[in-house]
Amino acid sequence: MPLSIPEQELMEPGHTACHGCGATLSMRYVLKALGKNTVVSVPAACWAVIPGAMPNRTLDVPMVYTPFAATGASISGLREALDIRGKEDYNVVGFAGDGGTADIGLQALSGAMERGHNVFYIMYDNEAYMNTGVQRSGSTPYGAETTTTPVRKEKNFKKQQKKIVADLMIAQGVPYVATATVAYPEDMIRKVNNAKKIKGPKFIQILSPCPVGWYFSSEKTIEVSRLAVRSGVFPLFEYVNGVMKVTKQPSPVEIKEYLSSQRRFSHMSDRDIEEIKAYADARMHRLLEMEKNSASASAVQN
Amino acid sequence: MQAIQKYNAILTGNESVAVGVKLARVGFVSAYPITPQTTIVEKLAEMVANNEIDARYVEVESEHSAMAATFASELAGVRSYTATSSHGLLYMHEMLHWTAGMRLPVVMSIVNRAIGPPWNIWSEQTDSMNQRETGWMQVYCESNQEALDSIIMGYKIAENRDVMLPLMSMEDAFTLSHTTEPVSIPDQAEVDDFLPRFDLDFKIDPERPMGYGSYVPPEGPFMELKHDMMESMRNARKTIRKVTEEFSEAFGRNYSGLIERYRMDDAEYALIASGALASTGKYVVSRLRERGKKVGLIRLRFFRPFPDEEILSATKGLRGVGVIDRSVTFGSSGATAIEVRAALYGKSETPVAGFVAGLGGRDVRIEDFEEIYSHVESGDTGNYYINLKGVN
């Protein structure tokens, strides 16, 4: 039986990530799919620290460190310059966290996607500013406690819903948009491979659970990642040139089970949980509607 | 600049800059529009569309991104260029440090424009003076010809192995950027002889994977890397002198290194100014000379690296120096005045007075220079704002 995950390792052992780090797995799988001819650009992020101090490196591909807001523009410059040098076959990848993507880097991301450079943008989404100590980002979900949304005498948990960058990318007309998470590496690798076939901008949002910031035990990363999908909180889909496909149907797992797997939601009342459920249900409904509509649209085309 | 030129074009400052970029065989341009820089990048976009220049033009969504894309392209081994002004330059500030710290010899044009509020699009150098600690070299041009030539010289200086620092070349808003002057456009073949092709030793190459800019703890080489930049900036003075000499030999236009001395041979007093303001200063110096005043002008071409030695030797034995700044340094005297005083401190008895003039594009008139000179002639060491009006 052929291996479903490529054997090639482009991430060396000996990095400095926390135990159970989802972001580390995300990088590892993405590089397995992309191969050696890849250049990675990383802004201020956990991933700017994971490889360790100069002159250490963890990746067997060039890695450019950039300021926080610069990911989208840096991959634009890298792509065009490599093309000028005749290196069209190199993959150029922006690899940024949710803060660097949903917040400070959103403008540069949107610009790069709009200009249509042949690049990958991987958002490894751990749902807060983890590298700086678990502060709230736009991508933090409703209900989560972070160090800037603390639950004390007042329950000041995040009161706004998650800003879902993948949905913004669909709205912007990005030709390849997908979501993935570390519990489903084959699905992630298949998506990166599909994205490779598209000459243009590609955006993949990878839910990357963070034991330190979500407050769960470090051996539970995969379990938490899987619960996020099965409970419908983080649907996996692939959106290619206007055609939506939900790639994992949620199994009947209660959202409560996902939320109770992490202490960041431990203060939640049943009403708060209802709020999350309503939002997740509405989004899943929307995605399935999109899937249905794009199926009928392609049927009409055929 | 004394040599008699054979002019072959009439161009605005911004057109001259674009021609310089083309002749330097820049491969990558990324920019965001801001008045009065726009006509530089419009011209470059047009050259790309006409296949007059073998470059890619990336129209980014902000100046921060313009510099981020330019930095990345340069790191991938392509000679890269951008241009901006005023608030655009301030918005780039973070990326300026990053580009210099990565030792990338990018060249950028700045059309010097005031900083708001209130909004003001006219000439002033506060925008580039705000960038003096970013590790970029700074050259201030006096004419459209110099604006063109400084792009070509700029790459040669920046890409020198002993330098490897980026360079920004300044022209005054409107006074140069949108005003036509006769210009001599050099032949491409001559420029190619002067400016070799760009090859970055450490350019991105998956065959040789490296981390570019990973973190360094306090006992790591952080301080040493900054010190090395400082040394390179110091040594850049030699390269600047050498490259301007080579340029003079190749093209017959002599920019005399980091400063230009105007009627300084027997001078007892000197005015120090930069940019197009220096032209008016020269004119006033000539008039004062006709009245028997022994005065000259030192035109500061480079502000970074600062020409300490040149200033010290050019002002040796003078009875008074007046430094004119077209920028604001809140809470201190003018940016240039501070530097000149520091260069002379403990080595010279010459009194130095500081003058802030021409903010927000206010005209610096002949009588303003004369007023400045009268302070200098009296041995004044104070700091003054020139031509302030009553506020209603």
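Reply: The model is predicted, and local features need pLDDT of at least 70, side-chain atom pairs pLDDT 80 or more, while totals for chains, interfaces and linings use all residues. Residues are numbered from 1 along each chain as its sequence is written, and chains are lettered from A and ligands numbered from 1 in the order written.

Chain A has 10 helices and eight strands, which are DSSP runs numbered from the N terminus (helices H or I, at least four residues; strands E, at least two).

Between the chains, 37 residues of chain A are in contact with 36 of chain B. On the chain A side, strand S1 (38-42), strand S2 (63-65), H2 and H4 each give two or more residues; H2(A) gives the most, with 10. By class, this side has 22 nonpolar, nine polar and six charged residues. Nonpolar means Ala, Val, Leu, Ile, Met, Phe, Trp, Tyr, Cys and Pro, charged means Asp, Glu, Lys and Arg, and the others, Gly among them, are polar.

S2(A) is joined to strand S9 (residues 211-212) of chain B by two bridges, and the strands run parallel; pairing requires at least two DSSP bridges. Val64(A) stands opposite Tyr212(B).

Within chain A, the axes of H2 (residues 71-84) and H4 (residues 106-115) come within 6 Å and cross at roughly 35°. Axes are lines fitted to C-alpha atoms, for helices over the stretch in contact, with angles from 0 to 180 degrees between N-to-C directions.

Key
Two residues are in contact if their C-beta atoms, placed from the backbone, lie within 7 Å.
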